[in-house]
Protein chains: 2
Amino acid sequence: MDIQVIPYINEACWDDLAHKTVIVIDVLRATSTIVTALAHGCEAIYPVETVLEAKQLKQEHPSWLTGGERSCKKIPGFNFGNSPFEYLDDQFAGYPIILTTTNGTRAIRKAHRACTILIASLLNGRACASEAAALNKDIVLLCSGTQDVFSFEDGICAGQIIEELYGAVQGKDVELHIDDFGLSMLYAFRHIQPGMTETLLHCSNGKRLTKLGFREDVTYCSQMNLIQLVPIVVGDRITALPVRQSQLASQYH
Amino acid sequence: MDIQVIPYINEACWDDLAHKTVIVIDVLRATSTIVTALAHGCEAIYPVETVLEAKQLKQEHPSWLTGGERSCKKIPGFNFGNSPFEYLDDQFAGYPIILTTTNGTRAIRKAHRACTILIASLLNGRACASEAAALNKDIVLLCSGTQDVFSFEDGICAGQIIEELYGAVQGKDVELHIDDFGLSMLYAFRHIQPGMTETLLHCSNGKRLTKLGFREDVTYCSQMNLIQLVPIVVGDRITALPVRQSQLASQYH
């Protein structure tokens, strides 16, 4: 099983994705927020690239909610920003959410040629690795990055998922072939794992979000395997996959 | 002091290099070979991009020697390949060498807009970091990579140099601002440092070279700070900078 890590969106060669499982990562904060919203009862998320698209979709479906950010800030007129804490409220359960963020939703839309697209963050890294291993196809870990620059936290999450993939294929007749970039991320992940929160608070996006008053978001998003849920992109929307029994069992080991 | 790590040649934005110190890295094997040759009495190295250029230069200077590789193999009619072991022989001391390799010499030529271009490998990481710190300009660590793909060993060497830069600026009023990619490489370096040789033997280029019979080259190139010498690119040639006194002193601490 080939595991490739792409450092940011524009590095991806889209034609190569056809027969693969693509895992989209945007730890701070789009994919952490998606995982959180789905874990708290949101029915489906509709990722769109532009604010205009979001507004058009809202016009067609007035009962749907809108969320997202530009420059880390909530978009005027939208129900939510991009902080996972805004998506914890169960009163919104059952409503679809239209979401647009600067990098994360762009990565999701760009990955549409993949066989299967899963959504990962540190929060659900293990669940996502377990599902991807079960799909038994080559895996591309697509780090969203920030404005076409590699983001530390996305690379570290790729490292976490590779570590979890080793666990997921243990005892099976599967050999993982990690590319050089993935190998670097795995080792970096292993090195910083015990001090994840502290390290994330000190990377570029961690510092930027802290400055903007979102320190707690960084702390929240730095938690590993808090949520046992795998969002999957099907057509134009993201929903939660039912958790595999094997995965539930592994929690007790 | 800004420290930026570029994962492979085509990622570099050449216009940005004007006022910076660029450190070119191609651990397996071009820059390890350059450092080794200069440490063993070679007077100067002329890096050229193509075999044709090398042959033309040789015609103009029949006494000069020729070295290099294509697909890791020695070029027919050349004096040397790209194995550092071929450059240990002091009988060639004093002769300039014309060198062409697939990635390393290309990176060197591409970096010509930089203020200063230094050549680094694991062999001389500390010496190179010490010189770059003394130059007191923003630093770009340019990993050559392999055919426009990131190479593990180059990233790890960037991590080593960042670690050594911290040592070099210790006690001075200099703050290092490492970019996210550099931070990942620093942590990956810290994690694998105790098992450097073993890890390099198992990365893509390590495995490829081993298959081609160059296992000892990988082992040799994985040695850290074996050579106290900093090659510098001046115009069309590479020569050795005299070692700084401060650096010699630090060997005894």
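Author: A residue is called buried here when its relative accessible area is under 20%, and exposed when that area is over 50%, with partly exposed residues in between. With that cut-off in hand, and keeping in mind that the model is a predicted one, the part to examine is Asn124(B), which has a relative accessible area of 0% and therefore counts as buried. Asn124(B) sits in the loop of chain B that runs between the strand β7 (116-120) and the helix α4 (125-135). Leaving aside residues up to four places away in sequence, Asn124(B) touches Val35(B), Ile119(B), Asn225(B), Ile227(B), Leu229(B), Val230(B) and Pro231(B).

Helix α1 of chain B covers residues 30-39, and because nine of its ten residues are buried, the helix is largely enclosed by the rest of the structure. After α1(B) comes Gly41(B), whose phi is positive, near 95°.

The relation between the two chains comes next. Chain B can be laid on chain A by a turn of 180° with a shift of 0.0 Å along the axis, and the RMSD is then 0.0 Å. The two copies are thus related as by a two-fold rotation axis. In chain B, the C-alpha nearest that axis belongs to Ala188(B), at 2.0 Å from it. Both copies use the same surface, in that 100% of the contact residues of chain B recur in chain A.

Along the principal axes, the C-alpha atoms of chain A fill a box of roughly 50 × 40 × 35 Å. Of the 253 residues in chain A, 57% count as buried, and among its contacts between residues at least 6 apart in sequence, 78% join residues at least 24 apart. The accessible surface of chain A is about 10400 Å², of which 49% belongs to carbon and sulfur atoms. Chain A carries 21 positive and 28 negative side chains, and the centres of these two sets lie 5 Å apart.

Key: Residues numbered from 1 in each chain as written. Chains lettered and ligands numbered in written order. Predicted model: local features only at pLDDT ≥ 70, side-chain atom pairs only at ≥ 80, totals over all residues. Heavy atoms only, no water. Buried < 20%, exposed > 50% of the residue type's maximum accessible area, 1.4 Å probe, protein only. Contact = heavy atoms within 4.5 Å. Areas by Shrake-Rupley, 256 points an atom, 1.4 Å probe, with all protein chains shown as cover. Lys, Arg positive; Asp, Glu negative; His and termini not counted. Charge placed at Lys NZ, Arg CZ, Asp CG, Glu CD. Least-squares fit on C-alpha atoms with pLDDT ≥ 70 in both. Helix = DSSP H or I, 4+ residues; strand = E, 2+ residues; numbered from the N terminus.
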